[in-house]
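Me: I'd like to go through this model with you, one question at a time. Could you start with the terms as they come up?

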Amino acid sequence: GVLKVRLFRPWDGARFLGALPETVQRICVLDRTKEPGCAGEPLFTDVAATLHFAGKHDILCIGGRYGLGSKEFTPNMVLSIYENLMSAAPKP
């Protein structure tokens with residue numbers, strides 16, 4: 001499934017957690033920004049921190065980027081994200 005974050009700041013971790021299905025096992029957070037020198041992009045770090053502090057350590061959270069430099073985000077790219085998440089060892 002897809003959870004589209006419409007308002008990034010201020011971050012509402014409780015609302016995010018409330019929108020997640022109980023059955024979620026893996027999440028890929030897509031950011032449309034590049035933050036050189038950081039541990040991760042802004043939305044990814046907020047999602048990962050929310051999961052961590054909520055004790056949701058069983059949910060695998062990976063990050064990615066899309067649409068940088070006005071590049072097109074194609075259906076094949078979406079498919080590759082789902083395929084990565086479904087693999088035995090997803091790439092971070």
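Reply: Happy to! Helices (H or I, at least four residues) and strands (E, at least two) are DSSP runs, numbered from the N terminus. The model is predicted, so local features need pLDDT of at least 70 and side-chain atom pairs count only at pLDDT 80 or more, while totals for chains, interfaces and linings use all residues. Residues are numbered from 1 along each chain as its sequence is written, and side-chain values use heavy atoms, with hydrogens and water left out.

Me: In which element is Asp31 placed?
Reply: The element covers residues 26-31. Asp31 therefore belongs to a DSSP run of type E. The name you want is strand 1.

Me: Which side chain of opposite charge is nearest to Asp31, and how far away is it?
Reply: Lys and Arg count as positive and Asp and Glu as negative, with His and the chain ends not counted. A salt bridge needs a side-chain nitrogen of Lys or Arg within 4 Å of a carboxyl oxygen of Asp or Glu. Asp31 is buried (under 20% relative accessible area; exposed is over 50%, partly exposed in between, with a 1.4 Å probe and protein chains only). Asp31 has no salt bridge, and the nearest side chain of opposite charge is Arg65, at 7.5 Å.

Me: Which backbone nitrogens does the side chain of Asp31 reach at 3.1 Å?
Reply: A polar contact is a pair of N or O atoms within 3.5 Å; within protein, one must be able to donate a hydrogen and the other to accept it, and residues adjacent in sequence count only if both atoms are side-chain atoms. A polar atom of the Asp31 side chain lies 3.1 Å from the backbone nitrogen of Leu43. The other backbone nitrogen, also at 3.1 Å, belongs to Phe44.

Me: Which residues does Asp31 touch, not counting residues up to four places away in sequence?
Reply: Contact means heavy atoms within 4.5 Å. Among the residues touched are Leu43 and Phe44, along with Gly64 and Tyr66. The list also holds Pro42, Arg65 and Glu41.

Me: How many salt bridges does a search of the whole structure find?
Reply: Side chains of opposite charge can pair when their charged atoms come close. Another is Arg65 with Glu41, at 3.4 Å from N to O. The search of the whole structure gives 2.

Me: How many residues apart in sequence are the parts that Arg9 and Asp46 tie together?
Reply: Arg9 is partly exposed at 47% relative accessible area, whereas Asp46 is buried at 15%. Arg9 lies in the segment before helix 1 (13-19) and Asp46 in helix 2 (residues 42-53), so the separation is 37 residues.

Me: Where does Glu41 sit, and is Glu41 buried or exposed?
Reply: Glu41 is found in the loop between strand 1 and helix 2. The side chain of Glu41 has a polar atom 3.1 Å from the backbone nitrogen of Glu35. Beyond four places in sequence, Glu41 touches Asp31, Thr33, Lys34, Glu35 and Arg65. With 10% relative accessibility, Glu41 counts as buried.

Me: What is omega for the cis peptide bond joining Arg9 and Pro10?
Reply: Pro10 lies in the segment before helix 1. The bond between Arg9 and Pro10 is cis. Its omega is about -5°.

Me: How far is the C-alpha atom of Pro36 from that of Pro21?
Reply: Pro36 is in the loop between strand 1 and helix 2. At 70% relative accessibility, Pro36 is exposed. Pro36 and Pro21 are 15 residues apart along the chain, and their C-alpha atoms are separated by 32 Å.

Me: Which residues is Leu3 in contact with, leaving aside neighbours within four places in sequence?
Reply: Leu3 sits in the segment before helix 1 and is partly exposed at 39% relative accessibility. The contacts of Leu3 are Phe16, Ala19 and Leu20.
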